[in-house]
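Good morning, colleagues. Please look at the structure with me.

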Amino acid sequence: MARILIVGGGCRGLLLAGQMVGDGHPVRITTRSPAGRDAIEARGAECYLGTPDRLATLRAALENVTIACWLLGGARGSKEQLVALHSSRLSHFLGQAIDTTVRGFVYEAAGPGVPREVLAAGERTVRELGARNAIPVAILSEDPADTGAWLTGARGALDALLGSPPAAA
């Protein structure tokens, strides 16, 4: 089984984690606050305190991870903060993942609060760094407001990276 790291994603990330745990995969979810621990552990996932706003707090979260998911399309903040999450912080996080056990990366390239051009630039960054470092990537472009479609897309992305047949709906 593959360990999956979910950075962000809120309620949708928890739904995805529940499905992956149900399939036997260990899942680690990051949270900025200890207040998120109960919801994460209720899904059978491991809670990891860390934030993409301080990348050093996420370095150890990559330990023994096979697939990392950057599910920050629904992030909130100032335009400067959102640009950083989908540019410099994303790029540095991927740089940290290069010499680890990470063998796949899922990037959420859709969301209500992040400008389209910022997400498009993030997608280019992921594709370029993935190609340069031979890390397969999957782009999650489903509308996060449509939870069912989003979850189907996220599962499809993970299954493709894991080399698994798609899960039954």
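Glu 108 has a relative accessibility of 0%, so this residue counts as buried. Please keep in mind that we are looking at a predicted model. The side chain of Glu 108 meets that of Arg 12 in a salt bridge, at 2.6 Å from N to O. Glu 108 belongs to strand β5, residues 104-108, while Arg 12 belongs to helix α1, residues 10-22; the pair therefore ties together parts that are 96 residues apart in sequence. Is Arg 12 buried or exposed? With a relative accessible area of 13%, Arg 12 is buried, because the limit for that term is under 20%.

I turn now to Glu 117 and Lys 79, whose side chains meet in a salt bridge of 3.6 Å, N to O. This pair, too, links distant parts of the chain: Glu 117 sits in helix α5, residues 116-132, and Lys 79 in helix α3, residues 79-85, 38 residues apart. Glu 117 is partly exposed, at a relative accessible area of 49%, and Lys 79 is also partly exposed, at 47%.

The next pair lies within a single helix. Arg 127 and Glu 123 are both in helix α5, four residues apart, which is about one turn of the helix. Their closest N and O atoms are 3.0 Å apart, and the two residues form a salt bridge. Arg 127 is partly exposed, with a relative accessible area of 42%; Glu 123, at 23% relative accessibility, counts as partly exposed as well.

Finally, a network of salt bridges links Arg 3, Arg 28 and Glu 46. How many salt bridges does the structure hold? The number is nine.

Methods
Residues numbered from 1 in each chain as written. Predicted model: local features only at pLDDT ≥ 70, side-chain atom pairs only at ≥ 80, totals over all residues. Heavy atoms only, no water. Salt bridge = Lys/Arg side-chain N within 4 Å of Asp/Glu carboxyl O. Helix = DSSP H or I, 4+ residues; strand = E, 2+ residues; numbered from the N terminus. Buried < 20%, exposed > 50% of the residue type's maximum accessible area, 1.4 Å probe, protein only.
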